[in-house]
Amino acid sequence: VQLQASGGGLVQAGGSLRLSCEVSGRPSSSYVMGWFRQDQGKSREFVAAIPWSGGATSYADSVKGRFTISRAVTKRTVSLQMNSLKPEDTAIYYCAADPLNPQFARSYKDSGRYDYWGQGTQVTVSS
């Protein structure tokens with residue numbers, strides 16, 4: 001599985017962006033797809049996750065109610081719709097895949113669980 005993220009950019013506070021992650025290969029139903037972010041000098045942090053087979057989604061408290069993760073199996077994409085963006089959302093955003101986590105059977109907030117990573121896309125929110 002290979003991942004390629006896109007859709008980042010510069011936006012004013014309160015604006016919106018939609019990130020997309022193209023998935024090459026054939027993820028099985030045991031995959032969980034996640035978005036993480038990392039700002040300069042900070043550790044990588046969990047943003048959102050969704051099972052590739054669909055079902056429940058999960059969000060970091062800091063983005064709950066503003067971000068929405070979704071996946072389109074036929075298009076092999078995972079998207080992150082980001083609304084009401086804040087300057088503190090500024091970071092490089094990465095999509096990732098954990099191949100052994102059917103329906104959140106194990107921890108999905110730990111970046112170490114994910115085996116596959118996209119190259120990252122920069123999101124900058126100006127105040």
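Where is the place of Gln103? Gln103 sits in the loop between β9 and β10, where strands are DSSP runs of E with at least two residues, helices are runs of H or I with at least four residues, and both are numbered from the N terminus. The structure is a predicted model, in which local features need pLDDT of at least 70, side-chain atom pairs count only at pLDDT 80 or more, and totals for chains, interfaces and linings use all residues. Residues are numbered from 1 along each chain as its sequence is written, and side-chain values use heavy atoms, with hydrogens and water left out.

Most residues other than glycine have a negative phi, and most peptide bonds are trans. Gln103, although not a glycine, has a positive phi of about 50°. Phe104 is found in the loop between β9 and β10 as well, and its phi is also positive, at about 60°, although it is not a glycine. Gln103 has a relative accessible area of 41% and is partly exposed, whereas Phe104, at 18%, counts as buried. Here buried means under 20% relative accessible area, exposed means over 50%, and partly exposed lies in between (1.4 Å probe, protein chains only).

How many aromatic pairs does a search of the whole structure find? The search finds eight, counting rings of Phe, Tyr and Trp (its six-membered ring) whose centres lie within 6.5 Å; planes under 30 degrees apart are stacked, over 60 edge-to-face, and the rest tilted. In the case of Phe36 and Tyr114, the ring centres are 5.0 Å apart and the planes stand at 80°, so this pair is edge-to-face. Phe36 belongs to strand β4 (residues 32-38) and Tyr114 to the loop between β9 and β10 (116-117), so the pair ties together parts that are 78 residues apart in sequence. Phe36 is buried, with a relative accessible area of 0%, and Tyr114 is buried too, at 4%. One aromatic cluster is formed by Phe36, Phe46, Tyr94, Phe104, Tyr108, Tyr114 and Trp117.

Another arginine, Arg37, is found in strand β4 and counts as buried at 4% relative accessibility. Its side chain makes a polar contact of 3.4 Å with the side chain of Ser62, and one of 2.9 Å with that of Tyr93. A polar contact is a pair of N or O atoms within 3.5 Å; within protein, one must be able to donate a hydrogen and the other to accept it, and residues adjacent in sequence count only if both atoms are side-chain atoms. Leaving aside neighbours within four places in sequence, Arg37 is in contact (heavy atoms within 4.5 Å) with residues including Arg44, Glu88 and Asp89.

Finally, the structure holds one disulfide, defined as a pair of cysteine sulfur atoms within 2.5 Å. Cys21 is joined to Cys95, with an S to S distance of 2.2 Å. The pair links distant parts of the chain, with Cys21 in strand β3 (residues 17-24) and Cys95 in strand β9 (residues 91-98), 74 residues apart. The torsion about their S-S bond is about 65°, so the disulfide is right-handed. Both Cys21 and Cys95 are buried.
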